[in-house]
Amino acid sequence: MEETNKSLLDDSFTSAMTLTDSGVPQVPDRYVLPPSQRPALGSSTSTRETTLPVIDLSLLHQPLLRSRAIHEINMACKEFGFFQVTNHGIPSSVVKDALDAATQFFDLPVDEKMLLVSANVHKPVRYGTSMNHSTDRVHYWRDFIKHYSHPLPKWINMWPSNPPCYKDKVGKYAVATHVLHKQLIEAISESLGLEKNYLQEETEEGSQVMAVNCYPACPEPELALGMPPHSDFGSLTILLQSSQGLQIMDRSKNWVCVPYIEGALIVQLGDQVEVMSNGIYKSVIHRVTVNKDVKRLSFASLHSLPLHKKVSPAPELLGGNNAPAYGEFSFNDFLDYISSNDFLQQRFIDTLKKTRS
């Protein structure tokens, strides 16, 4: 079945990089969004200039200042479900090496990358284009490779062997982001009034999917997107971007451009934290715009509780008037959902919300 699936993919698969490299003057029709969904680049009504939170994580390691950082995290999670972090502890050399390895991977010949292509969302390593190009109604100007990354020794041998530096350089970045994720989950738990080790065991045993994205230069960026509006399924996503392109939706449903800050990383709350917090914190809806002149790379380190672990509202946050607002779910439930549903029509988390009686 996998071979048949692969031959079908080979016939219809054209990567965004292939289109850019061929010099297409216009985006093919399958990438053109309906007018209401287009990003309206440069329009003052489409995006707002909003000051987004930037948090100095070195404060977490200073006993007299930790409470200040926890308060800043609480405010950012309530208002945006999003913040940027500086002084996060990942050396700039590790970040640069990861971006270099990703550049080399996407520059490989098409035939070599096609060895990893799959439309099966359950595969631990897969190369693809758009979101899931075999089922997407509208395509997105993005190529990607996704691979499971924790625990690293379990998965790394399945990662690309080319370029030769890939496993070492991306592996070091994956380990560093997992350490950072543990610190962030502790701080977020604390900011909710929970014990900081509330999710310690689940974090250690949880999954980490590294989505390495390439958004090539696009001839008509005002007609297309790199990724559609969505929220992430997991607990946290730690995002590294090589240039600006991410937009988040604020509480007023306006799109806000996320500025590129040299050396900073982006933290986005996922659906698991929204459910665990019983809606006190919300997962952030975001999308990716593309650029006529610049190729953009990003590493989205998607952290999740263990595959079959059910997430539900923390009992400590319930009681009195605070009834559970969500049903429980696992990462595996999410994968099953996106395998058989168009998650762009209905967000997965909306299927979990309980109606108030």
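Just after helix α7, G193 takes a positive phi of about 85 degrees. Helices here are DSSP runs of H or I with at least four residues, strands are runs of E with at least two, and both are numbered from the N terminus. This is a predicted model, in which local features need pLDDT of at least 70 and side-chain atom pairs count only at pLDDT 80 or more, while totals for chains, interfaces and linings use all residues. Residues are numbered from 1 along each chain as its sequence is written, and side-chain values use heavy atoms, with hydrogens and water left out.

How far apart are the end C-alpha atoms of α7? They are 36 Å apart.

## The nonpolar core

Let's look inside. A residue is called buried under 20% relative accessible area, exposed over 50%, and partly exposed in between, using a 1.4 Å probe and protein chains only. A nonpolar core is a set of buried Ala, Val, Leu, Ile, Met, Phe, Trp, Tyr and Cys residues joined through side-chain atoms within 4.5 Å. The largest such core has 108 residues, and F82, F83, F106, W159, Y173 and F299 have the most contacts inside it. Helix α7, residues 166–191, gives the most to this core, with 10 residues.

Which residues does F83 touch? Contact means heavy atoms within 4.5 Å. Leaving out residues up to four places away in sequence, F83 touches P53, I55, I73, A76, C77, L184, L265, I266 and V267.

## A covered strand

Strand β6 spans residues 207–215, and nine of its nine residues are buried. In a regular strand the side chains alternate between the two faces of the sheet. Both faces of β6 are covered: S207, V209, A211, N213 and Y215 are buried on one side, and Q208, M210, V212 and C214 on the other.

Which strands pair with β6? Two strands pair if DSSP finds at least two bridges between them. Strand β5 (residues 143–148) runs antiparallel to β6 and is joined to it by six bridges; K146 has A211 in β6 as its bridge partner. Strand β13 (residues 296–304) is also antiparallel to β6, with nine bridges joining the two. There, C214 stands opposite L297 in β13.

Helix α4 covers residues 92–106, and its 15 residues should span 21 Å at 1.5 Å a residue; the end C-alpha atoms are 21 Å apart, which agrees. In α4, the buried residues include V94, V95, A98, L99, A101, A102, F105 and F106. Seen down the axis of α4, the buried residues fall within an arc of 160 degrees, so they line one face of the helix. That arc is taken from the directions from the helix axis to the C-beta atoms. On the other side of α4, S92 and K96 are exposed. An α-helix has 3.6 residues a turn, so residues three or four places apart point the same way.

Is T203 buried or exposed? This residue lies in helix α8, residues 200–205, and counts as buried because its relative accessibility is 7%. Apart from residues up to four places away in sequence, T203 touches H178, H181, K182 and I185.

## Cysteines without partners

How many disulfides does the structure hold? The number is zero, where a disulfide is a pair of cysteine sulfur atoms within 2.5 Å. C214 is buried, at 0% relative accessibility.

For C257, the closest cysteine sulfur is again in C218, and the 16 Å between the sulfurs is too far for a bond. C257 counts as partly exposed because its relative accessibility is 22%.

Most residues other than glycine have a negative phi, and most peptide bonds are trans. The bond from H150 to P151 is cis, with omega near -5 degrees, and P151 sits in the loop between β5 and α6 (152–155). Another cis peptide bond joins N162 and P163, with omega about -5 degrees; P163 is in the loop between α6 and α7.

N87 has a positive phi of about 50 degrees although it is not a glycine, and its place is the loop between β3 (82–86) and α4. K253, also not a glycine, has a positive phi near 65 degrees. K253 is found in the loop between β9 (246–249) and β10 (255–257), and at 63% relative accessibility it counts as exposed.

Conventions
Expected span 1.5 Å × (residues − 1).
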